[in-house]
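Welcome, and thanks for opening this one up. Have the sequence and the model side by side as you read, so that you can look up each residue as it comes along.

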Amino acid sequence: MKHLNKLVTTLLIFILLTLGTTGCWNRRELPSLAIVLGVGLDKMEDSDQLEMTTQIIKTSELKASTPEESGAGGSGGAGAYWNVRNSGETVFSTTRDFTHKVSRKLYFPHNQLIIFGSSLAEQGVQEHLDFFLRDQETRLEVFVLVADDRASDIFDVKPRLEKVPSMKIAELMDAQAANSTTSIVRLNQFATRLMSDTTAPIAPIIEVLGKGNERELSVKGTAVFKEDKLIGQLNKVETRGLLWVIDRIKSGIIDVNCRDTIVSLEIIRAQGKISSEIIDGQPYIKIEIKEDGNIASQCCPIDLVSPNAVAELEELQAEAIKAEIQAALRKAQKLNADIFGFGDIIHQRHPKEWQELKDDWDEIFPDLDVEIIVEAKLRRSGSLGQPVVLDKEQ
Amino acid sequence: MGVMLRYLTSKLKYLKLVNQYYATNQKNQAPSQDEKTPTSLTQNLTTNLEILNGFIGNNFDLVIRKFTFGEHRQTNAALVYLNGMTDQTMINESILKPLLFESVPNSNPASNHSVIEMITMTMLSVAEIKKRTLIQDIVEGYLSGETILLVDGSPEALVIMTSDWKSRSITDPKTESVVRGPREGFIENLLTNTTLIRRKIKSSDLVFESMKIGERTKTTVCIAYIKDIANPLLIEEIKRRLKDIKTDSILESGIVEQYIEDAPFSIFSTIANTEKPDLAAAKILEGRAAILVDGTPFVLTVPMVFIESFQSSEDYYSRPYFASIIRMFRYLAYMLSILAPATYVALTTYHQELIPTALLFSMSAAQEGVPFPVLVEALGMGVIFEILREAGVRLPRPVGQAVSIVGALVIGESAVSAGLIGAPMVIVVALTAIASFVVPAQTDSGGILRAIFTVLAGFSGGFGIMVGLIGVSIHLASLRSFGTPYLSPLAPLSVPDLKDTFIRAPLWAMITRPRTIGWHDPKRQEFRLKPGPPSEEDASSN
């Protein structure tokens, strides 16, 4: 009996403590959430205030799953999403102000993107990023993008395959690995570069093509920041040149000219390495690229079974890669933005010398000597040895 | 709060007093109950019949057949038996016929042999005959279907083994069906059940010890074990606990279980039961003891460990790979059955960030417009499921089908399309329902745990589930079944026994018996039993 008495008392205390102390204070049912999938930050056109666009999923519309039903409303907020705009001084106060417009609480953990409007990016993004880094609801792996024009326009372009524009852009980011001509930047990577003394943050650029119902979204090139301000952009070739150096190439196609025809070579593996050296107080940078490729398509009338022909193509490939890197380097030096992180490399390898160099880095970087060594190999020629149409002369 | 606690303690005090009252009263009453002092038979048949009538008279199934026998029909005698519990043919052919038509061999009055002795020795063609003088013994035999032969002038009666009553034939066990393995199951007849075990283990060391429990039902309860494998302390403890049962009725082995279990307040059962003779035999061979109760096909086996619930006899009959995979699925199914609704509740009300975005979309869409919180939904669906299950078990089979149709259609289809319940919730509950039947031994405790975990998850999310899991683990680790830790061989860890825990090792590798159960005689088999083609050495020596 004593045992039972004790048991009941312990059980009661246990239940009361667990249930009472927590008391479901942070309980939220799914229908009470406004799931945010994308955030766009712009400068107001007529004032200096911040304009924030949030793309919220309309879960009730998701049930009507056919695109005709959800897309019947035309442009704007129709469909399975709702773009809400609000203006304010800071990101956090603007976020809270959404309660005047949205009946549910904005829920950020599933946010896919942060898009900066170009005018805001030119003014500086640091103050607006703090909320996304500090708040415990937001994630560090969201994609950071820069809009060609205004960020809020991006969210209005209806996707063809997906239901929600933000999801489309997120999936578009994942698809970029096939070409490696767009940098894919997540918030933590962006913040890391922002924290560095010299390294310049980068972000992919997204733009709206076409007009009216024919509008499409497309990513192109890379936006380059100095400190936290947008100062210029890299085109696709320059972007890949950058990605070679920072070892972010996943796959891609290199076109090389071979006797007036074009041979497409597919990148299978790539490895980029930066090393530094200091000679007489002058820093030197050495970039080593190792690349393995396959022949994807060729019309060049040479027989690839012969080692000479392969060596020729390999050389062409190496030159093409080198040209891309040089293009990126020229642009970076012109913008005086250390997008490659050379400064950090020197800091790591020559910490003593760096103390003297770091203050003058802005003067050193534009004239920095960079040596590029590319070692490109061709591994396979696909299912064919010779092209289908051989040179008539042979 | 304080008021409630005070009320509860006062209730408990009251219960305590009631118990004390009965405990002291029983001590006073005990001798008076046993006042029926043993009565002996007399020499006179009529008196004897009268005495007997005093005990068993006034019953429609009582048969008293009076007759005379002997050379000159000079001796009066009577047969007393219970109609329906005896073999009529046997009484006619083997008792009455020889007595009526054959002459009693010349009994020399001077010799030591009495009439009774002569009849036993020369006339009755029945195997088991006992001589009894005490009325109580005679009545007990009569009630178990034995025939009583009273002869005038003899103070002894013959109790002749004629008991035979209708019993079910041996069929498939209803609760434990297997794809591969013996199809026979225990039945209600104790003797048949012991025979079923004896047929599996033809060893002189297999012991069946019986005792009668129940003041009124006098149910035969039988402990089966193998003398040199089972721990003698275990057998002693079982016998002690069984002897301590002082109740008027034992109708099923479940009643015995509740009187002898180690943790009566726990939701976990510490005594296993089975309907399959091969399973009972296997457990006896591992060093456990089986408790057979007359009148039920369910045989208890002790000690029980938690992982036993996840083992099936079929594991040992099929090859080890498949058996091991299936066993791991059983663990998974058990976790699912107790945690699936709780996890769903925790995810949807507290940890939405853990749900993959695409999944969150569909879950959120399904939840849109549902009027109840997820916790209420989960508990409601749980209750509906339990009601449906209970209805399915109790109802006659033709009606049962109707219940399942109504359940599937109304609850599954209509409730979702009417927007009362989210579709994912139905999936979760259906999954839970199916998973809960994978581990039949833990279905009852699983149902309770599921409800507790769901409530905990509803109040404090993943934290609540974690607290619950830790609590259950502590409780499980504190349990013992007849001295064996309930979580063994996991806690305390016994590495050699892991061969039959999460995986089922090949039979040739299971050399020793479970350490915590059969360690009295650990060696199960020879070391080199791994089969294979003859090695070159063998071939050359041949």
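What follows is a short tour of domains, interfaces and salt bridges. Please keep in mind that this is a predicted model. The contact between chain B and chain A buries about 3100 Å², and a search of the whole structure turns up 45 salt bridges over all chains.

**How the chains divide into domains**

- Chain A is assigned two domains, with domain 1 covering residues 30–234 and domain 2 covering residues 238–394.
- In chain A, the C-alpha centres of domain 1 and domain 2 are 32 Å apart.
- Chain B is assigned three domains: domain 1 (45–160), domain 2 (190–304) and domain 3 (318–480).
- For domain 1 and domain 2 of chain B, the C-alpha centres lie 35 Å apart.

**Where the two domains of chain A meet**

- On the domain 1 side of chain A, 24 residues are in contact with 23 residues of domain 2 of chain A.
- Together, domain 1 and domain 2 of chain A bury about 1800 Å², and carbon and sulfur atoms account for 56% of it.
- Within domain 1 of chain A, the residues losing the most area to domain 2 are Ser180(A), Thr198(A) and Leu234(A), which together make up 33% of what that side buries.
- There is 1 salt bridge between domain 1 and domain 2 of chain A.
- Lys226(A) and Asp362(A) meet through their side chains in a salt bridge, at 2.9 Å from N to O.
- The interface of domain 1 and domain 2 of chain A also has 14 residue pairs in polar contact, counting pairs with both residues at pLDDT 80 or more.
- On the domain 1 side, the elements of chain A that give two or more residues are α9 (187–195), β8 (216–226) and β9 (229–234).
- Strand β8(A) supplies the largest share of that domain 1 side, with 5 residues.
- Sorted by class, the side of domain 1 of chain A that touches domain 2 has 9 nonpolar, 13 polar and 2 charged residues.

**Where chain B meets chain A**

- How many residues does each chain bring to this contact? Chain B gives 34 residues and chain A gives 35 residues.
- Of the roughly stated total, about 3100 Å² buried between chain B and chain A, 71% is on carbon and sulfur atoms.
- Glu368(B) pairs with Arg104(A) in a salt bridge, where the closest N and O atoms are 2.5 Å apart.
- Between chain B and chain A, 13 residue pairs are in polar contact, again with both residues at pLDDT 80 or more.
- Helices α1 (2–33), α11 (320–349), α12 (357–367) and α16 (443–478) of chain B are the elements that each give two or more residues to the side touching chain A.
- Helix α12(B) provides the largest share of that side, 8 residues.
- By class, the side of chain B that touches chain A has 21 nonpolar, 10 polar and 3 charged residues.

**Salt bridges within chain B**

- Arg199(B) and Glu184(B) meet in a salt bridge through their side chains, at 3.4 Å from N to O.
- This pair links distant parts of the chain, 15 residues apart: Arg199(B) sits in helix α6 (residues 190–200) of chain B, and Glu184(B) in the loop between β5 (157–160) and α6.
- Is Arg199(B) buried, partly exposed or exposed? Arg199(B) counts as partly exposed because its relative accessible area is 48%.
- Asp278(B) forms a salt bridge with Lys276(B), with the closest N and O atoms 3.3 Å apart, and both Asp278(B) and Lys276(B) are buried.
- The side chains of Glu286(B) and Arg288(B) also form a salt bridge, at 2.6 Å from N to O.
- Glu286(B) counts as buried because its relative accessible area is 14%, and Arg288(B) is buried too, with a relative accessible area of 3%.
- A network of salt bridges links Glu237(B), Arg240(B), Arg241(B), Asp244(B) and Asp262(B).

Definitions and conventions: Residues are numbered from 1 along each chain as its sequence is written. Chains are lettered from A and ligands numbered from 1 in the order in which they are written. This is a predicted model: local features need pLDDT of at least 70, side-chain atom pairs count only at pLDDT 80 or more; totals for chains, interfaces and linings use all residues. Side-chain values use heavy atoms; hydrogens and water are left out. Domain bounds come from an automatic or database domain assignment. Contact means heavy atoms within 4.5 Å. Buried area is the accessible area (1.4 Å probe) that two parts lose on being put together, summed over both. A salt bridge is a side-chain nitrogen of Lys or Arg within 4 Å of a carboxyl oxygen of Asp or Glu. A polar contact is a pair of N or O atoms within 3.5 Å; within protein, one must be able to donate a hydrogen and the other to accept it, and residues adjacent in sequence count only if both atoms are side-chain atoms. Helices (H or I, at least four residues) and strands (E, at least two) are DSSP runs, numbered from the N terminus. Ala, Val, Leu, Ile, Met, Phe, Trp, Tyr, Cys and Pro count as nonpolar, Asp, Glu, Lys and Arg as charged, and the others, Gly among them, as polar. Buried means under 20% relative accessible area, exposed over 50%, partly exposed in between (1.4 Å probe, protein chains only).
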